[in-house]
Amino acid sequence: MKFHVLTLFPEMLHGFFESSIMAKAVQRGIIEYELVNIRDFALDKHKTCDDTPYGGGAGMLMLPGPLDAALQSVLGKRKSPDTGKTRAKKKTRKRKEGEPRVIYVTPSGKPFTQKTAIELSREQKLVFICGRYEGIDRRIIDKWVDDEISVGDFVLSSGEIAAQVVMDAVYRLVDGVISAESLAEESHTGGLLEYPQYTKPEVFDGMKVPSVLLSGNHERIRRWRLRERIAKTLAVRPDMIGAARQAGVLTEEAESCIAEITRIQGECNGFD
């Protein structure tokens, strides 16, 4: 997989690609990346990439010209002819097979989920547009962008940070980066959150590791972990249980655990 990242601040992204698991994936050739400095495509001597928005309002908006030229450098053959006419509506553009998928990270996009991360991990090339200030000119979105993605219901000053969040969730799912075993029981896999984890020492600050994890009985450990996953999900994200049922990913064993935990909680609440 290759990431193309269009940014005004490429220095913010060097550490991301040159550290930890990502660095190893790059060294092994599983992941490739290109950092495209949008300022390199500005035409004036000051490398201007922003201006005031039409209609007034606070802040500055990224200019369409430099960003369009930067995108053309990555996606040249996707450029559409300039008819000289103003488009009243967003034009419909179908991405051809093999073409990079263009993503604009924005608070006004669709919520980013593990399902989306899995979908994106199957792509060969992803292009990320990192917004700044008040964002980017809508015409760039209409012309180039395939997906507008939000990493949460909050606003960041840096599109680079949001892009890193998406890329980090995606690249680790690419074959060969992390073992399938490590991914199998993570949070949001199978519609549940992850179970609690423990390591040495066996006793820390008076708190002991659950005895089942020291038993050596792999079946007991598996059942305990499933139960803990369900208990955590019911307590923190009960909405995920309903979504998992609707998606048909809960096993009969999981449903049995849910019923048992719910019954016990109901009995305990009866004594309150």
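## Helix packing and cores: worked exercises

Thr116 is found in helix H4, where helices are DSSP runs of H or I with at least four residues, strands are E runs of at least two, and both are numbered from the N terminus. The model is predicted, so local features need pLDDT of at least 70 and side-chain atom pairs count only at pLDDT 80 or more, while totals for chains, interfaces and linings use all residues. Residues are numbered from 1 along each chain as its sequence is written, and side-chain values use heavy atoms, with hydrogens and water left out.

**Exercise 1.** Work out whether Thr116 is buried or exposed, and find what Thr116 touches beyond four places in sequence.

*Solution.* Start with accessibility: Thr116 comes out at 19% relative accessibility, so it counts as buried (buried is under 20% relative accessible area, exposed over 50%, partly exposed in between, with a 1.4 Å probe and protein chains only). Next, look for contacts (heavy atoms within 4.5 Å). Leaving out residues up to four places away, Thr116 touches Pro111 and Ile149.

**Exercise 2.** Describe how H4 packs against H6.

*Solution.* Two packed helices are described by the angle between their axes and the distance between the axes. Here, H4 (residues 114–121) and H6 (residues 159–171) pack at about 70°, with axes 8 Å apart. Axes are lines fitted to C-alpha atoms, for helices over the stretch in contact, and angles run from 0 to 180 degrees between N-to-C directions. That makes H4 roughly perpendicular to H6 (65 to 115 degrees; under 35 is roughly parallel, over 145 roughly antiparallel, the rest oblique). Now list who's touching: Ala117, Leu120 and Ser121 come from H4, and Val166, Ala169 and Val170 from H6. Sorted by class, that's 5 nonpolar, 1 polar and no charged residues (Ala, Val, Leu, Ile, Met, Phe, Trp, Tyr, Cys and Pro are nonpolar, Asp, Glu, Lys and Arg charged, the others, Gly among them, polar).

**Exercise 3.** Which element gives the largest share of the largest nonpolar core?

*Solution.* Begin with the core itself, which has 32 residues (a nonpolar core is a set of buried Ala, Val, Leu, Ile, Met, Phe, Trp, Tyr and Cys residues joined through side-chain atoms within 4.5 Å). Among those with the most contacts inside it are Phe3, Phe128 and Val170. Elements giving two or more residues include strand S1 (2–7), H4 and H6. The largest share, 7 residues, comes from H6. Beyond four places in sequence, Phe128 touches Ala163, Val166 and Met167, among others. A second, separate core of 21 residues includes Val127 and Ile129.

**Exercise 4.** Describe the crossing of H8 with H9, then that of H8 with H10.

*Solution.* The axes of H8 (residues 218–236) and H9 (residues 238–247) come within 5 Å and cross at roughly 115°, which makes H8 roughly perpendicular to H9. H8 and H10 (residues 252–269) have axes that come within 10 Å and cross at roughly 60°, which makes H8 oblique to H10. By class, the contact of H8 with H10 divides into 9 nonpolar, 1 polar and 5 charged residues.
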